[in-house]
Amino acid sequence: MIGAAGVAAAALICLDPGHGTPPAIGRQLEPIGPGSRVMKIKDGGGAHGEAAVALAIANRTRAVLLARGYRVAMTRTGPTIHLRDGNGNIARAKFCNRRHAALMIRIHADGSAYRSLHGVSTLVPAWHSGWTDDVYAPSVRAGFALQKAVVSATGAPDRGIVKRSDLTGFNWADVPVTLVETGFLTNPTDWRLLHTASYQQRVALGLANGVRAFVRR
Ligand SMILES: [Zn+2]
């Protein structure tokens, strides 16, 4: 975007480190999309240790993005989330909507009963008339850019792109939105990597590289 003074306005990237909702609030229900009667829990808590890992990666991503000239907003900067609108996934989406973010990146880590599962995947909204139709195409494009860049920066196995219709934080977003599963906390190798500063930094660089590939088009 070129402002009146001819200076390019820096894109705002909205980072949403997953979880960190106090359990009493997290167990509350909210509609999975505007006008929906399908209700879903606000925050199931995530994989063991996920909230802290997500925040550490988000903080590093924020630093890289700021150094590259982007503006950054974060839905939480501490262990627990404090937003208007009830601290659920609707509130997280509205936080980024209100700021007209160029991209909302939800940062998570996976968990599975199968401890051998490992690697990185990126979730994007499925197309849904009235909910995601306005953000579907750029979200998918951003998802591919982020997935490619994070896999490249980390060398992690590429588990690909997954379209999801059931994520409240996608269905309420009015800005392009993605969710990066940065590894499996239930896999011993991924767990160790996700707890090292050097790997967290590689994920952060990958996310920032993906942002660059997405925003410059
Ligand atoms: Zn999660």
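On a 1 Å grid over the protein atoms alone, a pocket is an open set of points where a 1.4 Å probe fits, with protein on both sides within 12 Å along at least five of seven lines, and its lining residues have an atom within 4 Å of a point.

**Ground rules.** I am working with a predicted model, where local features need pLDDT of at least 70, side-chain atom pairs count only at pLDDT 80 or more, and totals for chains, interfaces and linings use all residues. I number residues from 1 along each chain as its sequence is written, and side-chain values use heavy atoms, with hydrogens and water left out.

**The largest pocket.** I looked up its volume, the space filled by probe spheres set on grid points joined across faces, edges and corners, and found about 440 Å³. I then listed the lining: 25 residues, with His19, Arg106, His108, Leu167 and Leu179 nearest the centre. By class, I noted six nonpolar, nine polar and 10 charged residues in this lining. Here Ala, Val, Leu, Ile, Met, Phe, Trp, Tyr, Cys and Pro count as nonpolar, Asp, Glu, Lys and Arg as charged, and the others as polar.

Which element gives the largest share of the lining? I found that strand 5 does, with four residues. Strand 3 (39-41), helix 3 (89-98), strand 5 (103-110) and strand 8 (177-184) each supply at least two. These elements are DSSP runs numbered from the N terminus (helices H or I, at least four residues; strands E, at least two).

**The disulfide.** I searched the whole structure for cysteine sulfur atoms within 2.5 Å of each other and got one disulfide. This disulfide joins Cys14 to Cys96, with S to S at 2.1 Å. Cys14 sits in strand 1 (residues 12-17) and Cys96 in helix 3, so the pair ties together parts 82 residues apart in sequence. I also checked its hand: the torsion about the S-S bond is about -70°, so the disulfide is left-handed.
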